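My plan is to look up a few places in turn and write down what I find.

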Amino acid sequence: MRITVIGTGYLGATHAAAMAELGFEVLGVDVDPTKIEALSRGELPFYEPGLPELLLKHTATGQLRFTTSIEEAGAFGDVHFIAVGTPQKAGETSADMTFVDAAVSGIAAASTRDALIVGKSTVPVGSARRLKELTQQHKRPGINIDFAWNPEFLREGFAVEDTLRPDRLVVGTDSVVADQKLRQVYADALSRETPYISTDFETAELVKVAANAFLATKISFINAFSEVTETVGGDIRTLADAIGYDARIGRRFLNAGAGFGGGCLPKDIRALQARTGELGLEKSMRFLNEVDEINLRRRDRVVFLAEQMLGELEGKRIAVLGTSFKPDSDDVRDSPALDIAGRLYGSGADVRVYDPKANANSAKRFPRLTFVESLEGAVAGADVVLLLTEWREFRDMKPGDIEGHVQTRRIIDGRNVLDRTDWENAGWVFQALGQKTSDLSAAAV
Ligand code: UGA
């Protein structure tokens, strides 16, 4: 079986390399020639641990190749995975399906052999059935094309591991042939008894958005309690630990902080509301509006804390540690950290930013921030230090590492990862999200 992957962004490049690792001959397809040239040389245009090695290994042998030609893909592949993006539409909350529609109709028209098209992109419910029809309209006479929806659950930073060893496989289809072919594609995972859920199109589409909506809700749930502990006192981390011991709740995704960002959670909860609204089901997903708002209020809170600590932001030097939406990623899409950095700059602060991998991507969005290449460089002369993305380097940071560099010993832990006692014992004014702020004005010297 020969495989193509159409769309070689995060999802597609990882999927293509993983399929090659599983022993398939793979052709990656993208409309962006620069990306295709880089990938063909074995160079990854974004940061993802473990993926460059896999890419180099399989481009070197020719088992994994890349092209901009959809015709070549149509002549080559038995199974075509659709992995193009469904970004939030400009000025709207719904998902932009332009790229998925173009990829599906393009590969259907280009297929000169019987094939299976498998959608992996995150789409509004109802899309798969429509796209299956689109396939039938565009395919060549005499060619059979089956259709399936197979959502992807990989996390950035763990993309290789999640793709090679998924915790579950979900396949929506009405075709026995499609189901059988996908069981062959995923034979390795199935041999390890990975749950394989064979279902209809709608369930498969909804599983994906339901999972992300649940994760977003979990994060906003604990962040809503942060708002309470910020008023009444209490410790948000202990609260999360204590409820997390209940196996029905679980401790993961209960880390209070600056909130969720990235190319998936924020966009997916908005697109889900937009889609259910179209279906006349506004009330069903209305709580996600609250989830979104709680999340965005966390960013306001960090800016407020900085203001409280500094008295005013104008002219103050602020060190921002981390701008990626989460550690081990250079992705800054909808990043809480970068948004906060931009807002502080907008209020007149002199913002010095350091992210271990995301400086370049951040500079494309906020060229006026000052980017430096080290932790020491960022905190030099700082009136306050803001930890906004919990890279290992920042989690491990001790007061002694930076106190010789800052102007004043003030720190805001926007991810609840530092030990407050260590910092306070070393004479720092320490503030974390979820913490009461009564003594803050005293810090504004
Ligand atoms: C998310 C899902 O976790 C994946 O399962 C899914 O496949 C992916 O979206 C997708 O739809 O493609 P990802 O965007 O890589 O993956 O990031 P997450 O690890 O889910 O983190 C999302 C955001 O939540 C980050 O900004 C992170 O800092 C934040 N977060 C996470 C918290 O604020 N608190 C937590 O406890 C956990």
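Before I start, I need one definition: helices here are DSSP runs of H or I, at least four residues long, and they are numbered from the N terminus. I also note that this is a predicted model.

**Entry 1: the annotated site**

I looked up C264 first. UniProt lists C264 under "active site", in an unreviewed entry. Where does C264 sit in the chain? I found C264 in the loop between α11 (236-244) and α12 (265-278). Buried means under 20% relative accessible area, and exposed means over 50%. C264 has 35% relative accessibility, so I wrote it down as partly exposed.

**Entry 2: the ligand**

I moved on to the ligand. There are 21 residues around the ligand. Of these, L154, E156, K208, N212 and F325 come nearest.

The side chain of N212 has an N or O atom 2.7 Å from an oxygen atom of the ligand. For E156, a polar backbone atom lies 2.8 Å from a ligand oxygen. F153 also uses its backbone: one of its N or O atoms is 3.0 Å from an oxygen atom of the ligand.

How much of the ligand does the protein bury? Alone, the ligand exposes 710 Å², and the protein buries 90% of that.

I asked which elements give two or more residues to the shell around the ligand. They are α10 (201-232) and α12. The most comes from α10, which gives four residues. I noted ten nonpolar, seven charged and four polar residues.

**Entry 3: a sheet**

Next I traced an open sheet of six strands. I wrote its order as β11-β10-β9-β12-β13-β14, and the pairing is parallel. Which strands stand at the edges? They are β11 (370-371) and β14 (429-432). Each has a single partner strand, so one side of each has no neighbour in the sheet.

I took a closer look at one pair. Strand β10 (residues 350-354) runs parallel to β11, and two bridges join them. Across this pair, V353 stands opposite F371 in β11.

**Entry 4: the annotated domain**

Last, I checked the UniProt record for domains. The unreviewed entry places "UDP-glucose/GDP-mannose dehydrogenase C-terminal" at residues 319-420. I found that this span is 31% helix and 18% strand. Its end C-alpha atoms lie 18 Å apart.

Conventions. Residues numbered from 1 in each chain as written. Predicted model: local features only at pLDDT ≥ 70, side-chain atom pairs only at ≥ 80, totals over all residues. Heavy atoms only, no water. UniProt positions renumbered as here; feature names shortened; annotations may be inferred. Buried < 20%, exposed > 50% of the residue type's maximum accessible area, 1.4 Å probe, protein only. Near = heavy atom within 4 Å. Polar contact = N/O pair within 3.5 Å; in protein donor to acceptor, adjacent residues only side chain to side chain. Areas by Shrake-Rupley, 256 points an atom, 1.4 Å probe, with all protein chains shown as cover. Nonpolar A, V, L, I, M, F, W, Y, C, P; charged D, E, K, R; others polar. Pairing = 2+ DSSP bridges.
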